[in-house]
Amino acid sequence: MRETTPDLTRISKYISLILRHKPEVIGIQLDTHGWADVNALLAGISRKYPINRDILEEIVRSDEKQRYSFSEDGTKIRANQGHSVQVDVELPVTEPPETLYHGTARRFAASIESQGLLPQSRLYVHLSPDQETAEKVGCRHGEPVIYRVDAGRMHRDGYLFYLSANGVWLTKVVPATYLKRLEDGLKQH
Ligand code: HQG
């Protein structure tokens, strides 16, 4: 692994904080579509981490989840999804596949099974296209459990789904009736 990798990861996490949750930590604002001015972002980050346009481009290009996008003219940057701040990143309403997945921690299961999936601090509930991705998401929170989401039935019942530029499925809420816990669905480690 290259020596620079940990630093880029740390900077990427800081960018994620700024572009999804707290642009005020570097004193910038996002516009209504979630865009930040690239020069303002670089100036703000450089007070904490060494960064320049090339490093930022490297972070955006190499991000394993493709979290960020530049505007066409390259002057602006935004997170593709995951926001808690109220922005409209112009996600296209998209017909979902019949089945999507949500990975979470076992300690949330009782609450999820009574209330359904809620977006909590984010704007949307995040759903994964496959079990493997859902398991990775669930592992971030503790012992993972995976829910199968009856997305096709939700769609036919009038719920809207959005597909982010980096392949994450988003919807406002998932009522418990569309969820099935996959007790034996976890892959062997
Ligand atoms: C849970 C990562 C109790 C929900 C990932 C989740 C994703 C409930 C947690 C993206 C609940 C919120 C988002 C209820 C939902 N009762 N708990 N009724 N409804 N929850 O981090 O989906 O690496 O906001 O199950 O890959 O885990 O950051 O959402 O466990 O795409 O780019 O509340 O973040 O991407 O946690 O993850 P989060 P998430 P990045």
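Is strand β6 (residues 144-149) mostly covered or mostly exposed, and how many of its six residues are buried? Strand β6 is mostly covered, with five of its six residues buried; buried denotes under 20% relative accessible area, with a 1.4 Å probe and protein chains only. The model is predicted: local features need pLDDT of at least 70, side-chain atom pairs count only at pLDDT 80 or more, and totals for chains, interfaces and linings use all residues. Residues are numbered from 1 along each chain as its sequence is written, and side-chain values use heavy atoms, leaving out hydrogens and water.

**Strand pairing**

- Strands are DSSP runs of E with at least two residues, and helices are runs of H or I with at least four, numbered from the N terminus.
- Two strands pair if DSSP finds at least two bridges between them.
- Strand β4 (residues 100-105) pairs with β6 in the antiparallel sense over six bridges, and H102 stands opposite Y147 in β6.
- Strand β9 (residues 179-181) also pairs with β6 in the antiparallel sense, over three bridges; here R148 stands opposite K180 in β9.

**Ligand surroundings**

- The ligand is surrounded by 18 residues (a heavy atom within 4 Å), and the closest are K65, H102, S111, R122 and H141.
- β4 and α4 (109-115) each supply at least two residues of this shell; the largest share, three residues, comes from α4.

- An N or O atom in the side chain of H141 is 2.6 Å from an oxygen atom of the ligand.
- For the side chain of R122, the distance from an N or O atom to a ligand oxygen atom is 2.7 Å.
- For the side chain of R67, the corresponding distance is 2.8 Å.

Key. Buried < 20%, exposed > 50% of the residue type's maximum accessible area, 1.4 Å probe, protein only. Polar contact = N/O pair within 3.5 Å; in protein donor to acceptor, adjacent residues only side chain to side chain.
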